[in-house]
Amino acid sequence: MRKHSKEFLQNLTPYQGYELLVEGNKRFVNNLQNDHDHLEMINETREGQYPFAVILSCMDSRTSAELIFDQGLGDLFSIRVAGNIVNDDILASLEYAVKYVGSKLLMVLGHTECGAIKSAKQGVADGHITGLLKRIQPSISKALLKDEQDHLFSDNVAYANVENSLEEILTRSAIVKEMFAKGEIGLVGGVYNIETGQVDFFKNLTKRKKEDKKMTTV
Ligand SMILES: [Zn+2]
């Protein structure tokens, strides 16, 4: 089925959306990216957008969601902020994506070697940076309680920080919570490894259903 159409988005299940990201990251890691014809994509998306996923990730220049999931124009809503933290405006953007545009998957993506996390650990305080780093502090405390072997990549704070953002989204957004409870959207947490390009999809709250056939797109 062709991407960038209302029909595509309406027929896609949350689990199929998750699989599109998993497969895209495999292509990226293996250097087998799809041939993205940008002019063709501009043409395809000129009438409207039907992004299948909304991804909250860090502003780090090495972690562009479109690149690491091998997606093109119109495929993803990309919300980026230092440390992939949550605030009211980000919640509003997530709610808009899932409720008003129809994105089927909501992902929070952290990464290894995150500068925001490092600064939070060092207790950096300066200008508006102080307030943002405060939001990361609870994840640092949580990660200290966990065994370092828990995860694929040895960066427990990055994992705890993604879990924290997912929890905050579910606690603070009635819209997301309700759509997730009804199975209308999926929720996924991942950590990107800046040394290998691999994403560890460590938290998948999206259940596979019988009708979830593998999606083939062109
Ligand atoms: Zn970062």
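**Close-up views of the predicted model**

**View A. E113 is found in the loop between strand 3 and helix 6 (115-122).** Helices (H or I, at least four residues) and strands (E, at least two) are DSSP runs, numbered from the N terminus. The structure is a predicted model, in which local features need pLDDT of at least 70, side-chain atom pairs count only at pLDDT 80 or more, and totals for chains, interfaces and linings use all residues. Residues are numbered from 1 along each chain as its sequence is written. Although E113 is not a glycine, its phi is positive, about 55°. E113 counts as partly exposed because 15 other C-beta atoms lie within 10 Å. A residue is buried if 20 or more other C-beta atoms lie within 10 Å of its own, exposed if 12 or fewer, and partly exposed in between; C-beta atoms are placed from the backbone.

**View B. N84 occupies the loop between strand 2 and helix 5.** The phi of N84 is near 40°, a positive value in a residue other than glycine. N84 has 29 C-beta neighbours inside 10 Å and therefore counts as buried.

**View C. An open sheet is formed by five strands in the order 2-1-3-4-5, with mixed pairing.** Two strands pair if DSSP finds at least two bridges between them. Strand 2 (76-80) and strand 5 (199-204) are the edge strands, each of which pairs on one side only. From one strand to the next, the twist averages 25°. Strand 1 (residues 53-57) and strand 3 run parallel and are joined by five bridges. Strand 1 also pairs with strand 2 in the parallel sense, again over five bridges.

**View D. Strand 3 (residues 105-111) is mostly covered, with seven of its seven residues buried.** L105, M107, L109 and H111 are buried on one side of strand 3, and L106, V108 and G110 are buried on the other, so that both faces are covered. Strand 3 is joined to strand 4 (residues 186-192) by seven bridges, and these two strands run parallel. At H111, the bridge partner in strand 4 is Y192.

**View E. Strand 4 and strand 5 pair in the antiparallel sense over four bridges.** Within this pairing, V188 stands opposite N204 of strand 5. The hairpin of strand 4 and strand 5 has six residues between the strands, and G197 takes a positive phi near 85° in this hairpin.

**View F. Helix 2 (residues 14-29) lies across strand 1, strand 3, strand 4 and strand 5.** Helix 2 runs at about 15° to strand 4. Axes are lines fitted to C-alpha atoms, for helices over the stretch in contact, and angles run from 0 to 180 degrees between N-to-C directions.

**View G. Helix 5 (residues 88-101) has buried residues covered by strands and helices.** L94, A97 and V98 of helix 5 are buried. What covers the buried residues of helix 5 includes strand 1, strand 2 and strand 3, together with helix 9 (156-172) and helix 10 (174-181). After helix 5 comes G102, whose phi is positive, near 100°.

**View H. The axes of helix 5 and helix 10 cross at roughly 35°.** These two axes come within 9 Å of each other. From helix 5, the residues L94, E95, V98 and K99 meet I175, V176 and M179 of helix 10. Two residues are in contact if their C-beta atoms, placed from the backbone, lie within 7 Å.

**View I. G74 lies in the loop between helix 4 (65-68) and strand 2.** G74 has 18 C-beta neighbours inside 10 Å and so counts as partly exposed. Neighbours within four places in sequence aside, G74 is in contact with H4, M41, E44, T45, Q49, Y50 and P51. G74 and P51 are 23 residues apart in sequence, while their C-alpha atoms are 5.5 Å apart in space.

Notes
The expected span of a helix is 1.5 Å times one less than its number of residues.
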